[in-house]
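User: I'd like to learn how to read strand pairing and salt bridges in a model. Could you walk me through it?

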Amino acid sequence: MNTETTKRARPGLWLKIGGLASLVLGLGLGLLTLASAAGIWLRFWDFRRGFSLLGAANQYGQWLAWACLLLAAATLIASQLLKVKNAGKFVSIAAIGALVAWIAYFIPESFRPDENVNYPPIHDISTNRVNPPEFVAVAALRADAPNKLVYGGSNNMTSERLIELTNEAYPDLITQHYSESVNVIFEEALAAVDDLGWELVTQDAFAGRIEATDTTFWFRFKDDVVIKINQQGSDTTVDVRSVSRVGTGDVGANAIRMRKLFALLEN
């Protein structure tokens, strides 16, 4: 190949390098993000390793995503200025890399807790702090769970301290009152469990108790919920308790879950 031919081929080579670099960086970030959850789904590692991988993706993701976007932009501009043959495919490859990189960045970013909210280090939320609803059928499913079902009995917590922290963080989560009958509310609660995608563990209409498990999509965390429905005078009362199986704090997940349930019962 003579010198003139080499000069003509060089722009195409740089476009190819830019496009492939964006694609490799984007796919690499995407695979890292995907692996954080896939390893848990496939039981290759536990949530701690998954968090570590997702943390790495989040730490470097924005820089890699911007790098891919700049490479895609540079490839597009160069292709227009240099009039390289088949430059469109290199631009497309670079754009795909940038798109994957930004998606891979925004996924872990969406799991970042709101820095403006001071979440308490608790994972057991009950609307009735004095007499929390008790789990019956779920207890056997949590035999190996690090977090126990004794109210305030995990992670060096006491019931008094748990009540204090819950009152401060979630004053709205208290016993709910309804004018409908116990039977109607019980059926509505069952329908809400189904609508929310929770796994129904047991239902006992006579005892007014429903137990269910909610599994988070990404990291497959299992949090258990018990709903207790009672008659109190002319009102029907509903108490809910939601407890994570692992983790000192829940970053507000249990409270959010309970609010979604109550929102459905209000409709």
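**Reading salt bridges and strands**

Analyst: Happy to! This is a predicted model.

User: Which side chain does Arg-209 meet in a salt bridge?

Analyst: The general idea is that side chains of opposite charge can pair when their charged atoms come close. Here the partner of Arg-209 is Asp-204, at 4.0 Å from N to O. Asp-204 is partly exposed, at 26% relative accessibility.

User: How many salt bridges are there?

Analyst: The count is nine. One of them joins Arg-241 and Asp-124, at 2.8 Å from N to O. That pair links distant parts of the chain, with Arg-241 in strand E6, Asp-124 in strand E1, and 117 residues apart. Both Arg-241 and Asp-124 are buried.

User: And what about Arg-161 and Glu-164?

Analyst: Their side chains also meet in a salt bridge, at 3.2 Å. Both lie in helix H5, three residues apart, about one turn of the helix.

User: Now the strands. Which strands pair with E4?

Analyst: Strand E3 (residues 199-204) runs antiparallel to E4, joined by five bridges.

User: Why is E4 largely enclosed by the rest of the structure?

Analyst: Because six of the seven residues of E4 (residues 209-215) are buried.

Key
Residues are numbered from 1 along each chain as its sequence is written. This is a predicted model: local features need pLDDT of at least 70, side-chain atom pairs count only at pLDDT 80 or more; totals for chains, interfaces and linings use all residues. Side-chain values use heavy atoms; hydrogens and water are left out. Buried means under 20% relative accessible area, exposed over 50%, partly exposed in between (1.4 Å probe, protein chains only). Helices (H or I, at least four residues) and strands (E, at least two) are DSSP runs, numbered from the N terminus. Two strands pair if DSSP finds at least two bridges between them.
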